[in-house]
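Please look over the model shown here before reading on. The briefing below goes through it topic by topic for a reader who is new to it.

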Amino acid sequence: MIKTIVFMIGTVLNGAYQQDVKLNGAISHVEDMIEWSGEDLFQERITEEEHAIAVDNYNQLILTLKSIKNEKHCVK
């Protein structure tokens, strides 16, 4: 019985860890996209206005991903 409980707890914790890894990966990817947008601006492939809009959208996405991550940690 105790082995089953320990196994179940381990499974739940591993699942939460995997979700954190995926969220962190998504955040990192969006941060890369911000950097690429800056490179596009530097190479004059996009305008300053397009870059500003893209960065604003990416930052909103990062905030959303971080709020999802924080909500997962606050759930009891």
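Is Asp40 buried, partly exposed or exposed? Asp40 counts as partly exposed, because its relative accessibility is 26%, where buried means under 20% relative accessible area, exposed over 50% and partly exposed in between (1.4 Å probe, protein chains only). This is a predicted model, in which local features need pLDDT of at least 70 and side-chain atom pairs count only at pLDDT 80 or more, while totals for chains, interfaces and linings use all residues. Residues are numbered from 1 along each chain as its sequence is written, and side-chain values use heavy atoms, with hydrogens and water left out.

**Overall build**
- The chain holds two helices and zero strands, both being DSSP runs numbered from the N terminus (helices are H or I with at least four residues, strands are E with at least two).
- Of the chain's 76 residues, 13% count as buried.
- The chain exposes about 6,300 Å², of which carbon and sulfur atoms supply 60%, with areas taken from the Shrake-Rupley method with a 1.4 Å probe, and with only the protein chains shown counting as cover for residues.
- Among contacts (heavy atoms within 4.5 Å) between residues at least 6 apart in sequence, 62% join residues at least 24 apart.

**The loop and the salt bridge**
- Glu44 lies in the loop between helix H1 (2–42) and helix H2 (48–74), and its phi is near 60 degrees, a positive value in a residue other than glycine.
- Glu44 counts as exposed, since its relative accessibility is 72%.
- Side chains of opposite charge can pair when their charged atoms come close.
- Asp40 and Arg45 meet through their side chains in a salt bridge at 3.3 Å, N to O, the term standing for a side-chain nitrogen of Lys or Arg within 4 Å of a carboxyl oxygen of Asp or Glu.
- By this rule the count comes to one salt bridge, and its partner Arg45 is exposed, with a relative accessible area of 56%.

**Features of helix H1**
- Ser37 has its place in helix H1 and is buried, because its relative accessible area is 6%.
- Not counting residues up to four places away in sequence, Ser37 touches Ile46, His51, Ala54 and Tyr58.
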